[in-house]
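Subject: Structure for you, with notes

Hi,

Here is the structure I promised.

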Amino acid sequence: MCPKRSGYRVLTICNDGEYFLRHRLYLVTYLSSMGVDVTVIAGGIPISADRIQGWKYIHVRVERFALDLFGDVALMLRT
């Protein structure tokens with residue numbers, strides 16, 4: 001059974017997918033179960049498809065010590 005959509009949208013950005021799975025997955029799972037449209041953008045090792053349940057995932061290459069204004073704007077527009 002699909003939960004009723006709440007009308008809210010949440011974008012979570014994390015520079016490391018493994019950190020996200022350990023420390024933020026519970027929050028995204030809860031929000032998704034409440035009908036919130038959740039998108040996760042994470043870098044690092046890609047998150048496996050079996051961990052993605054009820055939310056959208058975008059894997060990106062994250063440069064922690066660089067500034068890429070055009071790339072950052074393109075990423076924001078894509079989501």
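Strand 1 (residues 9-14) pairs with strand 2 in the parallel sense, over 6 bridges. Two strands count as paired if DSSP finds at least two bridges between them. Helices (H or I, at least four residues) and strands (E, at least two) are DSSP runs, numbered from the N terminus. In this pairing, Leu-11 is opposite Thr-39 of strand 2. Strand 2 also pairs with strand 3, again parallel, over 4 bridges. There, Ile-41 is opposite Ile-58 of strand 3.

A word on the source. This is a predicted model: local features need pLDDT of at least 70, side-chain atom pairs count only at pLDDT 80 or more, and totals for chains, interfaces and linings use all residues. Residues are numbered from 1 along each chain as its sequence is written, and side-chain values use heavy atoms, with hydrogens and water left out.

Strand 2 is mostly covered, with 5 of its 6 residues buried. Buried means under 20% relative accessible area, exposed over 50%, partly exposed in between (1.4 Å probe, protein chains only).

Next, the core. The largest nonpolar core has 11 residues, among them Cys-14, Phe-20, Val-28, Val-40, Trp-55 and Tyr-57. Such a core is a set of buried Ala, Val, Leu, Ile, Met, Phe, Trp, Tyr and Cys residues joined through side-chain atoms within 4.5 Å. Helix 2 (25-33) and strand 2 are the elements that give two or more residues to this core. Strand 2 gives the most, with 3 residues. Beyond its neighbours within four places in sequence, Val-40 is in contact (heavy atoms within 4.5 Å) with residues including Phe-20, Val-28, Trp-55 and Tyr-57.

Then the loop between strand 2 and strand 3. Gly-43 and Gln-53 both lie in it. Which of the two is buried, and which exposed? Gly-43 is buried, because its relative accessible area is 0%. Gln-53 counts as exposed, because its relative accessibility is 56%.

Gly-43 and Ile-13 are 30 residues apart in sequence, with their C-alpha atoms 8.7 Å apart. Setting aside neighbours within four places, the contacts of Gly-43 include Cys-14, Asn-15, His-59 and Val-60.

A polar side-chain atom of Gln-53 lies 3.2 Å from the backbone oxygen of Asp-50. The C-alpha atoms of Gln-53 and Ser-33 are 9.4 Å apart, at a separation of 20 residues along the chain.

Best wishes

Key. Polar contact = N/O pair within 3.5 Å; in protein donor to acceptor, adjacent residues only side chain to side chain.
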